[in-house]
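Have a look at the fold before reading on.

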Amino acid sequence: VELLLIDEAHHIVLAKAKEGEEDIAEFLKSLLNRIRTQIVLCGLPILANLRDYKQLARRTQPAVLLDPYSWRTIEGRARFLLMLGLFERQLGLPQASGLMDHDLARSIYCSTGGYPGLVSKDLSHGLTMALRSGQDRLSKPLLAEAWDEYNSAGPIPLGLDPDEAPVREESLVRRARLNPYRATGDDFLEAWRLMVAEHGDMGMASVKKRPWQVAAAARDLDLPEAA
């Protein structure tokens, strides 16, 4: 064994008391000394908190931060389009799907937030549907159907007026969750806004304070601690 790789390693520090984190740091130090093999911890940036403890401070290398491709920068958008080009070549369909075309690439980014794993999910399921139905390329309508299968809106709620004119189920489902492959105009801007908000939520989750830090801050400010 030349390398020990621990994925989703942030779970070892989430919801831990300070003493628990110190125990984890001590365990990792002892493990490193005993197996004499490099250890790589993969997970959210909250893992960097372990470097607060002297047991690991001098034994760790600088963290490598992997961010999703940014649509806002020239470089980030170029890399995202390059990735779509790689997917395009791997599809093996009779006709080009034009994944790098601005309109379709924008919809793919809105659906996935730029995360390669989510891009792969969308395109892989779209490819399965294309092969199943005999289509020769991935189109936006096809990817919209694939998106709907992954993002079911669930049971349709009853209206409060029994005399209200009924509408097609399809319109209620699409209105409940904006499909970025089908939305246009203001609806697409709303879908994009929701995607950006999810990015922000993930970023806050990755750097949130540990429970014992929140409790200490509450005591300092004489605030009630969260349950």
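Q: In which strand is Leu3 found?
A: The model is a predicted one. Residues 3-6 make up a strand, and Leu3 is in that run. The strand is β1.

Q: Does Leu3 count as buried, exposed or partly exposed?
A: Buried needs under 20% relative accessible area, and exposed needs over 50%. Leu3 has 45% relative accessibility, so the class is partly exposed.

Q: Which residues form a nonpolar patch on the surface with Leu3?
A: The patch has about 250 Å² of accessible area in total.

Q: What pattern does the protein chain follow along the sequence?
A: The secondary structure consists of 9 helices and 2 strands. Read along the sequence, the order is β-α-β-α-α-α-α-α-α-α-α.

Q: What percentage of the residues of the protein chain count as buried?
A: The accessible surface is about 15500 Å², and carbon and sulfur atoms hold 55% of that area. The chain has 227 residues. The buried share of these residues is 28%.

Q: What share of the contacts with a separation of 6 or more comes from residues 24 or more positions apart?
A: Contact here means heavy atoms within 4.5 Å. For residues 24 or more positions apart, the share is 66%.

Q: How far apart are the C-alpha atoms of Trp192 and Arg106?
A: Trp192 lies in helix α8, residues 185-206. Beyond four places in sequence, Trp192 touches Trp71, Arg106, Tyr109 and Cys110. Arg106 is 86 residues away along the chain, yet the C-alpha separation is 9.5 Å.

How values were computed:
Residues are numbered from 1 along each chain as its sequence is written. This is a predicted model: local features need pLDDT of at least 70, side-chain atom pairs count only at pLDDT 80 or more; totals for chains, interfaces and linings use all residues. Side-chain values use heavy atoms; hydrogens and water are left out. Patches are made of residues with over 30% relative accessible area and no salt bridge: like charges are joined within 9 Å, nonpolar side chains (Val, Leu, Ile, Met, Phe, Trp, Tyr) within 5 Å. Accessible areas come from the Shrake-Rupley method with a 1.4 Å probe; for residues, only the protein chains shown count as cover. A salt bridge is a side-chain nitrogen of Lys or Arg within 4 Å of a carboxyl oxygen of Asp or Glu. Helices (H or I, at least four residues) and strands (E, at least two) are DSSP runs, numbered from the N terminus. Buried means under 20% relative accessible area, exposed over 50%, partly exposed in between (1.4 Å probe, protein chains only).
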